[in-house]
Amino acid sequence: MELPFAESWKIKMVEPIRKSTRAEREQWMKEAHYNVFQLKAEHVYIDCITDSGTGSMSDRQWAAMMMGDESYAGASSFFRLKDTITRLTGFEYVIPTHQGRAAENVLFSHMVKAGDVVPGNSHFDTTKGHIESRKAFALDCIIDEAKDTQLEHPFKGNVDPVKLEKALEQYGNKVPFIIVTITNNTAGGQPVSMQNLRDVRAIADRFGKFVIFDSARFAENAYFIKVREEGYADKTIKEIVKEMFSLADGMTMSAKKDGIVNMGGFIATRHESIYEGAKRFCIPFEGYLTYGGMNGRDMDALAVGLDENTEFDNLETRIKQVEYLAKRLDEYGIPYQRPAGGHAIFVDASKILTHVPKEQFPAQTLTVELYLEAGIRGCEIGYILADRDPVTRENRFGGLDLLRLAIPRRVYTNNHMDVIAVALKNVYDRRESITKGVRIVWETELMRHFTVQLEPVK
């Protein structure tokens, strides 16, 4: 008999979490203006708002923190981190930052100007925000298959080569680079195939453009290449990672995901010209070049985390838990972006709350309902996150409207996944009675979903 699957780690430390009553949650949600970002963490039972910075570090990472060199300049911690990044990616030039959006801010300050057009598969909120705040335009060139949540496709994160070529033909010198997000978060945590990365590279070379990877979940992307793409089953994750980055000119990284640290990020590139341009913005925005916004101890923890999380067993444990939750939702007929992604389940709110008009934000409404049901905090990846069109200022309703349940790494057990599944089933069972959503009371111009204030539609 085949042995059942089990985690590739054991638990050394626990943190208590408490349940709450429905009455408490209703009051807390009202005080938070129906925006789950505004809830206090102590008022959340199972927290799936993000997998960013919420993972559990390993014993090796905690041990590495004791070796942190906090020297202002030339810290040995930086060189240990740099050596790890170069070994994994092949990129020689590294700039540490305090997190991924800081990496975007530094790099885009050098590479993006007003009027530019930045094509890619799907730009996540911070990426799009950093582009649009510079009066430039983020152009989505994802494959059409990604827009059908019930379609089974192994690499829904792929760039559409035809759309990309048309963009480069149309906008020419206005395109500073192509950005590919691996895995593609906005599309539902969906991976990008190696063949697609090769296609993008070939098109970029033909038009003389740089290729930048948004690499927050690059290790998970490599896992999917190994298990889904022909010719990679016998390659190690590290071998696949090296091949992936051989097709890019540079990367931004939110290390809070696949680096499994609580804070940190970096820029890395093979081009001295990109490094020289970006480092001018690192010092005023982040700090000196050998710490950039990170403590020495955090750089050491990140070096270990990158090394550990580019091993198959660690990734398999993580992704199998996401698959477990997906199978539970399948039992209840709950629609989500298929197949299950690497870091989260993206529930298709538009197929569940069919009586809630898009103008009343179904995914945000579902997010609120799930919290009220069981104290589970997810995150809307939909019409609120999409912000308004920078020119017309109209809400952008053209994309998917999803509730993301991001699973922190090495934090929850499958018992918690069962609670999430049953709570979502309870909401799903009463979906016909949910006919009104929420409306915006106050919003900011960019990345509004973090601070937006809402109220139920009466």
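What is the volume of the second largest pocket? In this predicted model, the second largest pocket has a volume of about 750 Å³, and the legends below begin with that pocket.

**View 1. The second largest pocket and its lining.** A total of 29 residues line this pocket, and those nearest its centre are Ser122, Lys128, Asp140, Thr186 and Gly399. Helix H5 (125-132), strand S4 (137-140) and helix H6 (161-171) are the elements that contribute two or more residues to the lining of the pocket. Of the elements, S4 provides the largest share of this lining, with four residues. By residue class, the lining of the second largest pocket consists of 16 nonpolar, six polar and seven charged residues.

**View 2. Strand S3 beside strand S4.** Strand S3 (residues 117-120) is covered on both faces, with Val117 and Pro119 buried on one side and Val118 and Gly120 buried on the other. S3 pairs with S4 in the parallel sense, and four bridges join the two strands.

**View 3. An open sheet of three strands.** The strands follow the order S9-S12-S11 and are paired in the antiparallel sense, forming an open sheet. Because strand S9 (344-348) and strand S11 (379-381) stand at the edges and each has a single partner strand, one side of each is left without a neighbour in the sheet. From one strand to the next, the twist averages 35°.

**View 4. The pairing of S11 with S12, and the helix packed on the sheet.** Strand S12 (residues 402-406) and S11 are joined by three bridges in the antiparallel sense, and Cys379 stands opposite Arg404 in S12. Helix H13 (residues 362-374) packs on the sheet, where it touches S9, S11 and S12. The direction of H13 makes an angle of about 45° with that of S12.

**View 5. The largest cavity.** The model contains three cavities of 30 Å³ or more, and the largest cavity has a volume of about 50 Å³. Its lining is made up of Asn35, Val36 and Phe37, together with Gln364, Cys379, Glu380, Ile384, His449 and Val452. Five of the residues in the lining of the largest cavity are nonpolar, three are polar and one is charged.

Notes: Residues numbered from 1 in each chain as written. Predicted model: local features only at pLDDT ≥ 70, side-chain atom pairs only at ≥ 80, totals over all residues. Heavy atoms only, no water. 1 Å grid on protein atoms, 1.4 Å probe; cavity = no way out; pocket = protein on both sides within 12 Å on 5 of 7 lines; lining within 4 Å. Points joined across faces, edges and corners; volume = space filled by probe spheres on them. Nonpolar A, V, L, I, M, F, W, Y, C, P; charged D, E, K, R; others polar. Pairing = 2+ DSSP bridges. Axes fitted to C-alpha atoms, helices over the stretch in contact; angles between N-to-C directions. Contact = heavy atoms within 4.5 Å. Buried < 20%, exposed > 50% of the residue type's maximum accessible area, 1.4 Å probe, protein only.
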